Amino acid sequence: MRVALGSLPAEPGRENEDFAAAAAGAAVLLDGAGTGGAETGCTHGVAWFSATLGGLLLSTMTAHPARPLTDCLADAIRAVRSMHADHCDLTYRASPTSTVVAARAGAGGLEYLVLGDSSLLLAEKGGATTVFTDRRLDDVGRRLRGPVDALPTGSPEHAAALAEYRDALTGLRNQPGGFWIAGPDPCAAEHALTGTVPLDSLESVTLLSDGATRLVDRFELICWEEALAVLRSSGPDELIRRVREAEAGDLDGRRWPRGKAHDDATALHWALP
């Protein structure tokens with residue numbers, strides 16, 4: 001596998017709650033989430049949750065190549081739950097959660113799974129690109145985040161509105177009419193977006209957290225084809241550098257309203273033979 005990985009925490013010195021790894025024809029990326037600095041009920045923390053779930057998922061995917069990715073994810077969620085259920089309050093509203101993107105190459109093609117608002121970018125040998133993103137969180141967010149977007153990012157008023165928004169989101173997590181994300185309940189895996197595409201048609205597979213896709217889907221400064229060109233020529237680190245550069249010019253979120261001026265950003269670019 002020819003894999004290039006870039007990842008930065010939201011701020012220097014802060015823990016990175018993203019996780020990405022690849023092995024033996026498979027790759028995973030997870031973007032961990034809590035509730036804006038609130039207690040999570042978990043003594044281990046969000047970064048531990050995303051890294052532990054990601055590692056177990058990748059191990060299960062490669063050890064059981066015929067097992068569907070949804071089942072692999074459900075198994076990994078159960079395993080993580082068993083590791084900390086005796087020590088942590090997994091019924092707490094702000095219990096750690098994570099988006100999940102997984103891809104696995106096999107005889108039947110490239111299988112993929114997307115749960116939450118991270119993205120999978122597929123580049124075909126003929127030049128076409130396809131992006132898979134679970135937009136259910138975005139759809140719910142658009143209904144709720146008007147008061148947040150109207151205020152300068154980082155202001156006390158913005159922080160208060162953001163806390164209310166996140167609390168409202170938590171009530172819609174893993175609920176019909178809301179959105180689905182990996183947390184304590186393995187049933188969330190059943191709601192992931194999944195599919196298989198012909199492997200021989202692909203040039204590359206890229207897994208991205210939403211902090212790394214901002215140039216395209218939030219800031220609209222470049223298109224997916226241009227993002228792919230950056231990944232090919234300069235790698236994930238350069239894509240993330242350009243995200244940071246754009247964010248630095250709009251720290252108060254006036255041009256691009258968002259919950260945080262900076263977010264953890266991770267991209268894993270897998271070039272196929």
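1. Which residue in strand 4 does D31 stand opposite? D31 faces T99 there. Keep in mind that this is a predicted model, where local features need pLDDT of at least 70, side-chain atom pairs count only at pLDDT 80 or more, and totals for chains, interfaces and linings use all residues. Numbering starts from 1 along each chain as its sequence is written, and side-chain values use heavy atoms, with hydrogens and water left out.

2. The sheet is open, with five strands in the order 2-3-4-5-8 and antiparallel pairing. Strands here are DSSP runs of E with at least two residues, helices are runs of H or I with at least four residues, and both are numbered from the N terminus. Two strands pair if DSSP finds at least two bridges between them. Strand 2 (18–23) and strand 8 (193–197) are the edges, each pairing on one side only.

3. Now for the pairings. Strand 3 (residues 26–33) and strand 4 (residues 97–106) run antiparallel and are joined by eight bridges. Strand 2 and strand 3 are also antiparallel, with six bridges. A23 has A26 of strand 3 as its bridge partner. The hairpin of strand 2 and strand 3 has two residues between the strands, and A24 takes a positive phi near 45 degrees in that hairpin.

4. Helix 2 (residues 69–84) packs on the sheet, touching strand 4, strand 5 (109–115) and strand 8. Contact means heavy atoms within 4.5 Å. The direction of helix 2 makes about 45 degrees with that of strand 5.

5. On to the inside. There is one cavity of 30 Å³ or more; on a 1 Å grid over the protein atoms alone, a cavity is a set of points where a 1.4 Å probe fits but cannot get out, and lining residues have an atom within 4 Å of a point. The largest cavity holds about 40 Å³ of space, a volume being the space filled by probe spheres set on the points, which are joined across faces, edges and corners. Among its lining residues are L121, L208, W224 and L239. Helix 6 (214–217) and helix 7 (224–234) are the elements that give two or more residues to this lining, and helix 7 gives the most, with three.

How values were computed:
1 Å grid on protein atoms, 1.4 Å probe; cavity = no way out; pocket = protein on both sides within 12 Å on 5 of 7 lines; lining within 4 Å. Axes fitted to C-alpha atoms, helices over the stretch in contact; angles between N-to-C directions.
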